[in-house]
Amino acid sequence: MAKMPDSVLSCSDVNNDPLPDSVLKYAFRQLLGNNGYVQIVNVPDSFDHVAFLKELGDFQPTPTGTVIGDLKPESDMDDVYHAQNRRPLVPHTEGYEFRGTPPRYMALWCVKPASGLGGETTMLDGNRILREFTEEEKQHFLDTTYEWKSTEGLARRGVQHHAEHPVLEEVDGELVFRFSYNNLVVPEGDELARRLVERGKEIYDEGHVAVQYEERDMIVWSNWRMLHSRNAFDDPSRHLKRVQIAAPISA
Ligand SMILES: [Fe+2]
């Protein structure tokens, strides 16, 4: 059962006065660090999403070369697994199919919420999955390279990635967790990897939060820690913007 987000930041205080910029930014950093994600609500018309996100780092283009992406259903994509349609997705971290380090942060903001049911972004702290594994098993995920494929939808747009990465990786002293329920290729007989994807999905289904959007609301999360997904929806005019924020270039 989906829970309400527990890391919510309002742009206005109890008297409906806007929070000072410095207070908003400080609270945002605290929540992001503690909980791995922040849902920003009561966002005023004047809020500049792009300028706010640029303080987190450089934007990283998507596989199709877009820097500030539009997430809108594409009518020819309803029959495949793809972000640009109205079907549900399954839990994943972003960029598992890229070569190199996945985006450090992800952000989505709402141009037009879906009317009617569905369309929530869902999210779970990956640590809730990893704590089911022993130190020895986690070491296996640091040491073992797996194959990751890209989605059918991207393949139809001419983008096909194949990458090889471990599930866990240390980058600049931080742990990067890659996960995909459907695109991590589980080798024949690898019971540990099988358990990771199956238990990962179960824990996700039981424990995720579901973010419902109002206009201009934004969700920002650590893509090295959080898994995300999406519920199905009907409204073809639902419109979100998406930005990926790159890992800092290490010295
Ligand atoms: Fe995604």
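Biologist: Which residues are the protein donors of the iron ion?

Modeller: His-92 (NE2), Glu-94 (OE) and His-228 (NE2) are the protein donors, and they lie 2.1 to 2.2 Å from the iron ion. This is a predicted model, in which local features need pLDDT of at least 70 and side-chain atom pairs pLDDT 80 or more, while totals for chains, interfaces and linings use all residues. Residues are numbered from 1 along each chain as its sequence is written, and side-chain values use heavy atoms, with hydrogens and water left out.

Biologist: What makes these atoms donors of the iron ion?

Modeller: A donor is an N, O or S atom within 2.8 Å of the metal (3.2 Å for Na, K and Ca). The three sit at 2.1 to 2.2 Å, so they qualify under the 2.8 Å limit. Water is not among the atoms, so a site may look incomplete.

Biologist: What spacing do the donors follow along the chain?

Modeller: The spacing is H-x1-E-x133-H. His-92 is in the loop between β3 and β4, whereas His-228 is in strand β13 (residues 226-230). The two histidines are 136 residues apart, and the pair links distant parts of the chain.

Biologist: Why does His-92 count as buried?

Modeller: Buried means under 20% relative accessible area, exposed means over 50%, and partly exposed is in between (1.4 Å probe, protein chains only). His-92 has 8% relative accessibility, so it counts as buried. His-228 has 7%, so it is buried too.

Biologist: What makes His-82 buried?

Modeller: Its relative accessible area is 5%, so His-82 is buried. His-82 lies in the loop between β3 (69-71) and β4 (105-112). Beyond its neighbours within four places in sequence, its contacts (heavy atoms within 4.5 Å) include Glu-74, Met-77, Thr-151 and Arg-230.

Biologist: Is Gly-100 buried, exposed or partly exposed, and why?

Modeller: Gly-100 has a relative accessible area of 42%, so it is called partly exposed. Its place is also in the loop between β3 and β4. Leaving out residues up to four places away in sequence, Gly-100 touches His-165 and Arg-178. Its C-alpha atom is 8.8 Å from that of Ala-163, 63 residues apart along the chain.

Biologist: Which helix holds Glu-198, and why is Glu-198 called partly exposed?

Modeller: Glu-198 lies in helix α6 (residues 191-207). The value is 30% relative accessible area, so the residue is partly exposed. Lys-201 is found in helix α6 as well. Lys-201 is in contact with Val-90, Pro-91, Phe-179 and Tyr-181, neighbours within four places aside. Between Lys-201 and Val-90 there are 111 residues in sequence but 8.0 Å in space, C-alpha to C-alpha.

Biologist: How do you know that Ala-210 is buried?

Modeller: Its relative accessible area is 14%, so Ala-210 is buried. Ala-210 is in strand β11 (residues 209-211). Among the residues that Ala-210 touches, not counting those up to four places away, are Ala-2, Lys-3 and Thr-121.

Biologist: How many helices and strands does the protein have, and what counts as one?

Modeller: There are six helices and 14 strands. Both are DSSP runs numbered from the N terminus: helices are H or I with at least four residues, strands are E with at least two.
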